[in-house]
Amino acid sequence: MSVEALLPAAFVELFRPHRYKVFYGGRGAAKSRSFARALLITGTQRCVRVLCAREIQLSIRDSVKRLLDDEIERLRLRDVYSSTDAEIRGVNGSLFIFSGLRSSPEKIKSYEALTHCWIEEAETVSERSLDMLVPTMRAPGSEIWMSFNPDRIHSPVWQRFVVREPPPDAFVRKVTWRDNPWFPEVLRQEMEHCREEEPDKYDHVWEGNPKLMAEGSYYGRLLQEADRDGRMGRVPVEPNLLVNTAWDLGMADSTAIWFFQHLPVGRFGEWRFIDYYEAGGEGLAHYAEVLAKKGYRYGRHIAPHDIVVRELGSGKSRIETARALGLNFTIAKNIPVMDGIEACRQVIRAAWFDKERCGHGLSCLWGYQREYDDAHACFKSLPLHDWTSHGADAFRYAAVGFVPEHETFAPLPARKKLRVC
């Protein structure tokens, strides 16, 4: 049958085949309504079995069923769908069911021939629930749809689909109020007031960026300032400058590398972070190959002080192994962590970041924070060691290990201001 319905152009991929369809962003983007409309329309065109899920659903009132019922009315589909207290059925056999992932894992596993799963408020879904759900969706052509407003930078969905390389056949898109051509005036006034009075809240609620734990974040506000000042975007590689690297060398976990150039201008110089790389379970030979493939003209390679420690198996230190691979490391000063964090703050104030190539590294800096003491409801004095530590530590080694030839630089003659796009 033919159904007439308005849908923002940003959501057209909902009607194209993808294993994962992930839409995230701020308030007013019409995510939930667009998902509901697209699924209901799809259910009129062919028989679908849709699981509408949340992490926790204590009752049907916690589900998206009311939203689907409302859209059935708006789309004039009452002759196509019948709604009971617990499910929605179509005349062609289409079925919409509702369940919580955490509270009903065995029930979820028992569902057969599911064609779609829509996870609303996917921000709250746990890693365990995702690992349980994905193999359940095993029908040919089955799809997993996720809609959410980002909250925590540590959220499994945020990490799996936004920070890291998403799984195969995943369509991931950020949408905001700008993508909604029917954004209501009453919300626009609320949004403008929030932007003027509470810029941090505006960035989270309306722009759809993860919320920082302001008290515990080491670099969050400085990175926000850099973003607002236009120092995050596409940063070109200056051909007349060497590219330096700063490493956090992992033994049993990840190794992180920042690539940066330093321009001797002004009092502190200008830092340009042009690239970032991180991997786990690889030897130094792998990282030497990565550097060679990137094709930069290299200056200094900076490593932490423990690179000189000899490994029990080989009897060689990693600095000796690196030297044999053509990597001659400069060792960063072994100073207290908090002094290094303060050095990082000074660098960020004078830094430009390539937002695309340094994406994961920037996520590490955004999420790097003090450890929280649940028992005493306060932050501890030292950083939390988690996935953000590798990128943050490598950045710290850049800040304390790169020493320009002169402490103060004379201004360079007639030079165009760096712009990012």
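What you have open is a predicted model, where local features need pLDDT of at least 70 and side-chain atom pairs count only at pLDDT 80 or more, while totals for chains, interfaces and linings use all residues. Residues are numbered from 1 along each chain as its sequence is written, and side-chain values use heavy atoms, with hydrogens and water left out.

**Stop 1: H8 and H12**

Select helix H8 (220-228) and helix H12 (359-367). Helices here are DSSP runs (H or I, at least four residues; strands are E, at least two), numbered from the N terminus. The axes (lines fitted to C-alpha atoms over the stretch in contact, with angles from 0 to 180 degrees between N-to-C directions) of H8 and H12 come within 8 Å and cross at roughly 135 degrees. H8 and H12 are therefore oblique to each other.

Now show side chains: Gly220, Leu223 and Gln224 of H8 are in contact (heavy atoms within 4.5 Å) with Leu362, Leu365 and Trp366 of H12. That group has four nonpolar, two polar and no charged residues. Here Ala, Val, Leu, Ile, Met, Phe, Trp, Tyr, Cys and Pro count as nonpolar, Asp, Glu, Lys and Arg as charged, and the others, Gly among them, as polar.

**Stop 2: the largest pocket**

A pocket is an open set of points on a 1 Å grid over the protein atoms alone, where a 1.4 Å probe fits, with protein on both sides within 12 Å along at least five of seven lines; lining residues have an atom within 4 Å of a point. The largest one holds about 940 Å³ of space, a volume filled by probe spheres set on the points, which are joined across faces, edges and corners. Select Trp158, Asn209, Lys355, Ser363 and Trp366, the closest to its centre of the 29 lining residues. Which helix gives the most to the lining? It's H12, with five residues.

**Stop 3: H4 and H5**

Next, pick helix H4 (residues 127-136) and H5, which pack at about 65 degrees with axes 8 Å apart. Glu127, Leu130, Asp131 and Val134 in H4 meet Pro156, Val157 and Arg160 in H5. This contact has four nonpolar, no polar and three charged residues.

Key:
Parallel < 35°, antiparallel > 145°, perpendicular 65-115°, else oblique.
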